[in-house]
Amino acid sequence: MGGRIKIALLLAPALLVIGVLFASGLFAAVVQSLGYMPAIGQTEISFGAYRDVLTDGDFLNSFLLTIYVAGASTGISTVLAVLAALALRWSSERLSAIVFQLPITIPHLVAAVGIALVVSQTGLGARFAATLGLIGEPAEFPALLYDRYSVGIILTYVWKEVPFIALVVLASLRGVAGELEDVARTLGANAWQRFWYVVFPVISPGIIAASLIVFAFTFGAFEVPYLLGKTYPTILPVMAYNEYRDIELTARPVAMAINVLIALITAVFAALYLRLAKDLGRG
Amino acid sequence: MKFRALVLVVLAATLSVFIAACGNTGGGTDNAGSQGEDRSFAELEEEARGTTINLSIYGGDEAINAYVDDYVTPRLKEEYGITLERTPLTDTADAVNKLLNEKSAGKEEGTIDLVWLNGENFATGAEADLWFGPWAERLPNAEYIDWESPSINRDFGYPVEGREAPWGKAQFVMIYDSAKVEDPPKSMDELRDWTAENPGRFTYPAPPDFTGNAFVEQALYGTTGEVEPFQQPFDQQTFDEKSPEVYEFLNEIEPKLWREGETYPESSSKLDELYQNGEVWLSMSYNPQLAQRQINKGLWPESTRTYLLDGGTLNNTHYVAIPFNSPNKAGAQVVANFLESPEAQIAKQDPNGWGDLTALDVDRLPEDVRKEFSEPEGEATLPADELQENRLPEARSEWLLELEDGWQEKVLKE
């Protein structure tokens with residue numbers, strides 16, 4: 001009994017902050033998305049903003065782009081991270097700490113600017129290519145920023161998220177996996193069998209959890225696509241921002257509706273993903 | 001288009017409800033925004049001494065920031081005992097949005113004392129009664145300003161009514177590199193041919209960027225050959241008749257733009273950067289002295305030149321306004337008066353600094369001061385009278401908002 005109270009007390013401050021800041025923000029967004037804004041004399045509740053958003057082709061375009069960017073970033077990051085973690089599993093703690101922990105401390109914004117300086121058509125990469133005589137004009141360097149395939153955005157995310165996923169995977173690799181693998185080896189399992197039947201099941205919960213976090217983050221993140229994205233279509237958070245800063249107040253419910261939809265979509269994906277993970281775990 | 005119509009209906013409905021609501025409660029609440037200033041300037045100065053003023057101002061131009069921080073701030077401290085705090089904005093609409101939020105939350109004591117703005121930001125704020133006033137015509141230095149001129153008493157067609165003080169003027173200019181371009185395109189027709197001959201060497205900032213809006217507006221004037229209809233209140237029929245020409249033109253040149261028009265620079269500073277890197281050969285600006293300043297700084301090639309379009313270019317006035325909930329309205333007026341003083345205006349015109357055109361009517365100034373407003377220097381700058389003779393008025397804000405929305409729908413997305 002005493003233990004429970006203690007747990008509740010310990011959790012209370014964190015829950016309070018999450019509750020007050022996050023829940024009330026979400027609540028305000030939902031209320032405004034329904035068109036309730038007494039400031040401009042709007043007190044009627046309506047789903048008009050949702051109808052507008054969902055029947056608008058722009059939303060679909062942005063939605064597909066967002067899924068693509070978040071999906072590609074998560075997929076590429078996860079594969080590279082697992083490979084990196086496997087490569088560095090026997091290395092010293094010090095080396096892996098430098099390789100993985102350093103990029104984590106660098107803000108996304110800085111990473112985006114850094115990537116832009118390297119891959120823009122007049123950036124370091126282009127200058128290097130020009131020195132080697134590979135290209136003559138800046139425009140001959142492939143367009144990797146503000147481009148149709150969002151290469152710059154995905155590159156930035158991969159650079160930032162690989163170390164994050166790799167750290168999580170590495171932690172589980174360094175735990176019980178090594179011992180289990182030794183057991184498997186004594187029983188005659190080959191390298192592939194050891195990975196697929198022993199190591200992978202041990203690290204997969206970590207992979208799933210970390211990649212889910214990355215997906216949810218890249219789906220809702222704003223700054224990198226804002227800096228490196230195309231003018232149109234934009235990803236959903238940028239679309240919401242553009243509506244929000246529209247000088248016409250009537251665009252506000254639309255902006256909030258997009259935000260609420262982003263939150264809902266992320267939640268649905270998380271639920272599906274966790275379900276899938278559970279099924280996999282059973283299988 | 002349907003969505004747009006819906007928005008307008010909702011806006012109209014909202015406004016009518018809002019006006020009705022104001023009518024009901026009008027007698028009870030004292031609204032500072034509708035009262036204006038009645039104290040003498042000496043009283044304001046007295047009250048402002050030792051206080052702090054928050055100036056919310058677009059922060060994306062280093063020369064403007066430097067003018068405020070290095071010239072204005074120390075003099076205000078010295079002469080009036082006022083501490084000026086500059087809050088940089090990425091977009092002035094952010095400040096208007098903040099004020100709208102505060103108005104809706106009933107926050108009577110805000111944080112902004114003075115905002116730098118014009119056009120749609122002023123008009124939107126005025127519709128929502130966000131501006132304190134009238135006060136601007138009562139300032140001592142207001143006597144140097146030609147309040148009779150429509151380019152002063154109307155801000156993008158919207159009546160100013162003493163709710164903002166003129167700070168400076170801007171005129172749209174085109175910029176080119178004479179080493180690469182022999183004969184720059186002076187009309188939209190010439191631009192069409194030029195982009196066809198020089199693919200990838202021209203682009204413009206994507207609206208709603210301020211300079212991007214101006215280019216599209218300039219294209220509207222250029223393709224329709226008309227200016228006058230857009231000075232009138234907005235009329236959907238005229239818009240539907242006239243606007244297809246400009247979008248058709250912009251779509252026609254699109255494949256010949258930088259990056260084949262697949263994307264646009266998101267701001268004028270981004271366009272300037274493309275020009276600086278030699279990716280594009282033409283640029284544009286609302287500051288006629290920008291080219292010379294960039295040359296002097298060594299950022300742009302010496303061969304950079306400024307030019308005007310045939311038929312003239314847009315010009316407008318920019319202002320400072322005081323929000324309804326400014327905690328220091330007295331101080332804000334003292335600062336605005338200082339900004340309008342001849343010495344501050346002369347310093348503002350320095351081409352190696354901001355290089356902004358003065359808001360004052362130079363003929364009203366004392367003889368000895370007049371000389372200080374001398375001709376701009378440098379080969380990349382146009383003479384003042386050439387600018388003066390080729391001025392076009394901005395279209396009213398409602399037209400511009402429609403034009404921007406239309407650009408998003410018909411040029412960007414198609």
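**Exercise 1.** Does A:F219 count as buried or exposed?

*Solution.* This is a predicted model, where local features need pLDDT of at least 70, side-chain atom pairs count only at pLDDT 80 or more, and totals for chains, interfaces and linings use all residues. Residues are numbered from 1 along each chain as written, chains are lettered from A and ligands numbered from 1 in the order written, and side-chain values use heavy atoms, without hydrogens and water.

Start with the cut-offs: buried is under 20% relative accessible area, exposed is over 50%, and partly exposed lies in between (1.4 Å probe, protein chains only). A:F219 has 0% relative accessibility, so A:F219 is buried.

**Exercise 2.** Work out how the rings of A:F219 and A:F269 are arranged.

*Solution.* Rings of Phe, Tyr and Trp (its six-membered ring) pair if their centres lie within 6.5 Å; planes under 30 degrees apart are stacked, over 60 edge-to-face, and the rest tilted. Here the centres are 6.4 Å apart and the planes stand at 45 degrees, so the pair is tilted. A:F269, at 30% relative accessible area, is partly exposed.

**Exercise 3.** Find which side chain B:E262 meets in a salt bridge.

*Solution.* Look for a side-chain nitrogen of Lys or Arg within 4 Å of a carboxyl oxygen of Asp or Glu. The partner is A:R148, at 2.8 Å from N to O. Across the interface of chain A and chain B, the rule finds 2 salt bridges.
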